[in-house]
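Here are some notes to read alongside the model. I hope they are handy when you have it open on your screen.

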Amino acid sequence: MASLSHDLDIALTQLTERLLTQKQTYAETYVMAKGQLYRTELHLRPVPPSELPADF
């Protein structure tokens, strides 16, 4: 699985840590990009190491 960017990985890791600290596994918000509104959703679920992609 190719990463979009190292900065995105860091931001998502930090968001994940904040959510889990608050005992949450879901977040939803709205963002604007290139003049368009988007609903974004993040669902967290544990993944066993055996399910990770080989290139992780």
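The points below go from the overall fold to the details.

1. Ground rules. This is a predicted model, in which local features need pLDDT of at least 70 and side-chain atom pairs count only at pLDDT 80 or more, while totals for chains, interfaces and linings use all residues. Residues are numbered from 1 along each chain as its sequence is written, and side-chain values use heavy atoms, with hydrogens and water left out.

2. Fold. You will find one helix and two strands in the chain, following the pattern α-β-β along the sequence. These elements are DSSP runs numbered from the N terminus, with helices being H or I of at least four residues and strands E of at least two.

3. Overall dimensions. The chain has a radius of gyration of 14 Å, whereas a compact globule of 56 residues would be near 10 Å. That radius is taken over C-alpha atoms, and the globule rule is 2.2 Å times the number of residues to the power 0.38. Along the principal axes, the C-alpha atoms fill a box of roughly 40 × 30 × 15 Å.

4. The chain exposes about 5300 Å², with carbon and sulfur atoms supplying 58% of it. Accessible areas come from the Shrake-Rupley method with a 1.4 Å probe, and for residues only the protein chains shown count as cover.

5. The hairpin. Strands E1 (residues 26–33) and E2 (residues 36–43) run antiparallel and are joined by eight bridges; two strands pair if DSSP finds at least two bridges between them. Two residues lie between the strands of this hairpin, and Lys34 in the turn has a positive phi of about 50°. Do look at Met32, which stands opposite Leu37 in E2.

6. The salt bridge. The structure holds one salt bridge (a side-chain nitrogen of Lys or Arg within 4 Å of a carboxyl oxygen of Asp or Glu). Its partners are Glu41 and Arg39, with the closest N and O atoms 3.3 Å apart. Glu41 counts as partly exposed because its relative accessibility is 40%, and Arg39 counts as exposed because its value is 52%.

7. A leucine patch. Leu8, Leu12 and Leu15 make a nonpolar surface patch of about 210 Å². Patches are made of residues with over 30% relative accessible area and no salt bridge; like charges are joined within 9 Å, and nonpolar side chains (Val, Leu, Ile, Met, Phe, Trp, Tyr) within 5 Å. Leu15 is found in helix H1 (residues 6–21) and, at 34% relative accessibility, counts as partly exposed.

How values were computed:
Buried < 20%, exposed > 50% of the residue type's maximum accessible area, 1.4 Å probe, protein only.
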